[in-house]
Amino acid sequence: MPDGNSIGKRPCPVHTSPPDMKWTKSLIPTLKETPAEAEIVSHKLLLRAGLIRKLTGGLYTFLPLGLRTLHKIEQIIREEMNRAGALEVLMPTFQPSEIWQQSGRYETAADVLYKVRDRAKKEWILSPTAEEVITSLAAGEINSYRQLPINFYQVSIKFRDEIRPRFGLMRAKEFIMKDAYSFDVSDEAAMGSYRKMYDAYKRIFDRCGLKNFPVEADTGVIGGNYSHEFMVPAETGENDVVFCEGCGYAANVEKAASGIPKTAPREIGPAIEKFATPGVVTIEALSKAPYSVPANRQIKTLIYIADSKPILVLVRGDDQLNEAKLASAIGTTIFRPAEAQEISDALGAHPGSLGAVGVTKFSVYADERLRGANDMTTGANEDGFHFRNVSIDRDIQVTKWADLRTVTKGEPCAKCGKPLKIQRAIEVGHVFKLGTNYSEKLNAMFLAEDGQRYPCVMGCYGIGVTRTLQAVIEQSNDKDGIVWPVSVAPYTVCITPLSVAPDSAVMKLAEQLYSDLTARGVDVILDDRDERPGVKFKDADLVGFPIRIGIGEKSLAKGEVEIKPRTGAVQPVKPEEAVERVLSLIAELTPRAS
Ligand code: ATP
Ligand code: MG
């Protein structure tokens, strides 16, 4: 029986196929109907092909075929991490709250933490990630610059209390992540470790057969450093990626900037002037007659509560605030829009009439695009009134200027001027230069050549292994089912005898090809079910085996078997040539790192 200690500890997989893999001996519960719970194609196919089953929302069991694919992806990851010189370890999934308090994330990551209590009522955290644990390990084990650089990785279960678990494995409560952590003597050396992981990630996703691309990513509240996300283009993704076909610039919309011009300064107007705007509470209403103030001459004022205090956030009337950028600007992710009562308590007016003119009690964060703007209109903090002739520099006390607006498609690229495009995408991996934030807090110091002690310079690198599995399906499918890349298919070849009578020539050849291919290192499943050919072909296509070998009496009488790549035409071959043909097809179809 598994006990608590085995949760998250996966034995290192050794991929020996069971000696005799017959369909009837496995559990491959394919479904004709699509389960109602699944919204996106990859989730539907995971269920229909019998790869996973739901326990309850956000929690899934991997069935034998799903697990085989999972192990293949993990294997590719291990090979590339090892190639990059990282060391595999396995950390506890159960973590003491104290180290989370020490790093400060007990509060800042509170919304995703699952907390459990033991019999002595002591609190533990179920690992959503492992910076705290690895930095504690480094604090104990790393003493000297001679031990650096070092990079540790693990493949293990992570837990996150997601607000909205959905889309099957894409956003689950419990999922498998490969996480790695590098330790270096300097910023420059840390960049080297980062680069190695960046290259390894590219190879990993290429080898999984995924179209993928790295994009500049938000560094969030740790800030100031360097980060890329690896994205898989897909309409069902939860990220918007801004990219330029001219120069290759690509960034998550949470981080992307464009070359859009600042607000044009005008002749500085006279002093601000209050004017009545009864019933006008939207940018749009103010842009219409009789006021006719274009949105790009309005200042939009938003109120958030951060650190229990109201803050004012200003963007241009025609721009949208980007909350990820706001988090970086204010240095915390813990903030929320103020409620109606909090707003009127703070400014004495309601949304639609808010502004920052003369406000000194609260911090004011303003978007860079407003810098130097004058002749602007904004709410007067009195219901039914606005100010015109507002000059930001003269009339508003800005606490901090920052890039706060969301880039939209068609804006000019900041680097080359070409119009930017936006694409939906799935984030499958994330590389991040952390700096010394964790090493300082958790005391991971090393003795340098100059005899001084310094905090290790860290990087962290994550891959959503189970999300990657589903992303492959999301990207690679057709009307009949999954189209697995050879590298991660649960079995590479499915042999489909059209009759299964034990001593028939058909079955004998099927068995022979099965053992010949297996002996050559190919993953083969033999569909020995006593089913109509149509049923077997449909299931093989649904599960998505890259190559199917059909053996029937008729073709055998002609001295042929039929080899069919999942998306290609049937290729009749002589039985004695089948093994070589399959091997060369596999070589041809295997995705490679670019
Ligand atoms: P997201 O923005 O999608 O919530 P994240 O940025 O919080 O992800 P990281 O902390 O960077 O995630 O984790 C590393 C990787 O783990 C991600 O790139 C993603 O592939 C995967 N991942 C994160 N959360 C989940 C989840 N709830 N279910 C499945 N995979 C996840
Ligand atoms: Mg991320």
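Visitor: What should I know about the model first?
Guide: The model is predicted; local features need pLDDT of at least 70, side-chain atom pairs count only at pLDDT 80 or more, and totals for chains, interfaces and linings use all residues. Residues are numbered from 1 along each chain as its sequence is written, chains are lettered from A and ligands numbered from 1 in the order in which they are written, and side-chain values use heavy atoms, without hydrogens and water.

Visitor: At what angle do H2 and H12 pack?
Guide: About 110°, with the axes 10 Å apart. H2 covers residues 64-83 and H12 residues 465-475. The two are therefore roughly perpendicular (65 to 115 degrees).

Visitor: Which residues meet there?
Guide: From H2, Gly66, Thr69, Leu70, Ile73, Glu74 and Ile77; from H12, Val465, Thr466, Thr468 and Leu469. Contact means heavy atoms within 4.5 Å.

Visitor: And by class?
Guide: Five nonpolar, four polar and one charged. Gly counts as polar here.

Visitor: Switching to rings. How many aromatic pairs?
Guide: The structure holds 13 (ring centres within 6.5 Å). One of them joins phenylalanine 205 and phenylalanine 230, at 5.8 Å centre to centre.

Visitor: Buried or exposed?
Guide: Both phenylalanine 205 and phenylalanine 230 are buried (under 20% relative accessible area, 1.4 Å probe, protein chains only).

Visitor: Which residues make up the ring cluster?
Guide: Ring pairs link Tyr198, Tyr201, Phe205 and Phe230.

Conventions: Axes are lines fitted to C-alpha atoms, for helices over the stretch in contact, and angles run from 0 to 180 degrees between N-to-C directions. Helices (H or I, at least four residues) and strands (E, at least two) are DSSP runs, numbered from the N terminus. Angles under 35 degrees count as roughly parallel, over 145 as roughly antiparallel, 65 to 115 as roughly perpendicular and the rest as oblique. Rings of Phe, Tyr and Trp (its six-membered ring) pair if their centres lie within 6.5 Å; planes under 30 degrees apart count as stacked, over 60 as edge-to-face and the rest as tilted. Buried means under 20% relative accessible area, exposed over 50%, partly exposed in between (1.4 Å probe, protein chains only).
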